[in-house]
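Here are a few notes to read alongside the model. Take them in any order you like.

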Amino acid sequence: METKYIFVTGGVVSSLGKGIIAASIGKLLQARGYKVTIQKFDPYINIDPGTLNPYEHGECYVTVDGMETDLDLGHYERFTGIETTRDNSITTGRIYKTVIDRERRGDYLGKTIQVVPHITDEIKRRMLRESEDFDFVITEVGGTIGDIESAPFMEAIRQLRWQLGRNAVCVHLTYVPYLKAADELKTKPTQHSVKELQGMGIQPDILVLRTERHLDDSLRMKVASFCNVDLECVVQSEDMPSIYEVPVSMQRQGLDAAIMRKIGIPVGETPAMKPWHDFLDKQRRATREVHVGLVGKYDLQDAYKSIRESLNLAGIYNNVKVRLHFINSEGVTADNVAAQLEGMAGIIICPGFGQRGIEGKLIAAQYTRTHDIPTFGICLGMQMMAIEFARNVLGYADANSSEMSADTAHPVIDLMEEQKSITQMGGTMRLGAYDCELREGSRAMEAYAAAANSQLIKERHRHRYEFNNAYKEEYEAAGMKCVGINPAADLVEIVEIPTLRWYIGTQFHPEYSSTVLHPHPLFMSFLKELKD
């Protein structure tokens, strides 16, 4: 069949959950047997979010081919199991850079370059994904209707709606606030949002109303009447106990069926989605709590979104409810570390960049190592484990990363030679999926064998500094084993101390490849140890 296009836009306020709705639509269409992809168009001018402060934009997610992207791509992958690429994440910066580069080469044959048609044509080209074989392409546009920077994206969608006819559908997500003093739900913000969208030449086909209270049929009818949308195409997105309940709620209200009717595809029977329902049943049955501390410096839950979700998913499959506690590494000292980590069954030493907060991570790593508390270090967290071990076991008191101390005599974490001449920050790291060969008999190998029974794995990276192989033999002799190696570059990917209950550090980010139906084996192994 011809490729069908679904555009997901948002109005009234940000953070309503467009990414969750887009991911839910993708999941429901997958369940019907369609080949789906989901892409995010962000209006900001950055080339990618790789240089953005996590406080500004939450975590930076990384695709298999090494693109630094918005955290919504993590939702797409966790819900659908699709491996996204750089084609799934587009920013205004990338659009303009492509057009300007073409102008410099003379590709436009001397024409005056304008937002319409040149910028909008480039947006449309990327939205269509014409060279790829998909049944549905779902496109989420970041920001809200009315933002100045999103206007070219809206114009591109307007043009595509006319160009594609019934092969395109617009899903608009808005907010229905509840006014406690009046004891009323208000539809006026939704009406204004739709009116603004219509003013741009786009009539939404389907409205998803974000609400904290249940909406009755009379209110939905009012919205349908005032916004020129069929009643069956007005669905509500209520607060749910878990974001993973959203696809089921959307299916129950017929969102996928409404999309198919609008596009002209026979609806057929509603798919059972048994594996998804089995997962939700496990989630509801899990009652025993396990407390896990996240030692990091970004006191913002979206900064470690994929780690949080990976822990929660692995907990559910281990029949426990994970309670996460953020522990600000800037406040961890030798005097208070015992009190800070008290009551934690396990500790995650979080990734990050820069000097701030690393001493607290080192102190936490020493405490968990010497008190045999299960510990999982991720990226910079793994490097902190290695530095702490060098200082307190190998006896190199000044051991450090050359990122933190350029003049250290013992740079146990250092730049690769080919990176020492790089001065640009954006996109210059080791990014994307790389091979890792596991050591037979290691705890890491045991964890992966339970899922894939393979000694060669592939995991995603986002870092610039590496374990310094000049010290590898000393680490091995002293008890910290280098059990995961990149075979092409001989770089250390995983370290562990096998004499401890569970003490593993990974140079890569395993959280990027953990999904609802396939939780990551290392997180599964970690939670199994905490549960037992």
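1. Helices α7 and α8 are roughly parallel to each other (angles under 35 degrees count as such; over 145 would be roughly antiparallel, 65 to 115 roughly perpendicular and the rest oblique). Their packing angle is about 25 degrees, and the axes lie 10 Å apart. α7 covers residues 188-199 and α8 covers residues 217-227. Axes here are lines fitted to C-alpha atoms, for helices over the stretch in contact, with angles from 0 to 180 degrees between N-to-C directions. Helices are DSSP runs (H or I, at least four residues), strands likewise (E, at least two), numbered from the N terminus.

2. Which residues make the contact between α7 and α8? On the α7 side they are T190, Q191, V194 and Q198, and on the α8 side K222, V223, F226 and C227, where contact means heavy atoms within 4.5 Å. By class, four are nonpolar, three polar and one charged. Here Ala, Val, Leu, Ile, Met, Phe, Trp, Tyr, Cys and Pro count as nonpolar, Asp, Glu, Lys and Arg as charged, and the others, Gly among them, as polar.

3. Before going on, a word on where this comes from: the model is predicted, so local features need pLDDT of at least 70 and side-chain atom pairs count only at pLDDT 80 or more, while totals for chains, interfaces and linings use all residues. Residues are numbered from 1 along each chain as its sequence is written, and side-chain values use heavy atoms, leaving out hydrogens and water.

4. Now look at α5 and α6, whose axes come within 9 Å and cross at roughly 65 degrees. That makes α5 roughly perpendicular to α6. The α5 side of the contact includes V115, I119 and I123, and the α6 side includes F153, I157 and L160. In total the contact has 12 nonpolar, three polar and three charged residues.

5. Helix α4 (residues 92-105) is worth a look too: its 14 residues reach 20 Å from first C-alpha to last, close to the 20 Å expected at 1.5 Å a residue (1.5 Å times one less than the number of residues). Its buried residues are T92, G93, R94, I95, T98 and V99, with buried meaning under 20% relative accessible area, exposed over 50% and partly exposed in between (1.4 Å probe, protein chains only). They pack against β2, β5, α5 and α6. After α4 comes G106, with a positive phi near 90 degrees.

6. Finally, Q251 sits in helix α9 (residues 246-252). Is Q251 buried or exposed? Buried, because its relative accessible area is 13%. Beyond neighbours within four places in sequence, Q251 is in contact with L28, D256, T270, P271, M273 and H277.
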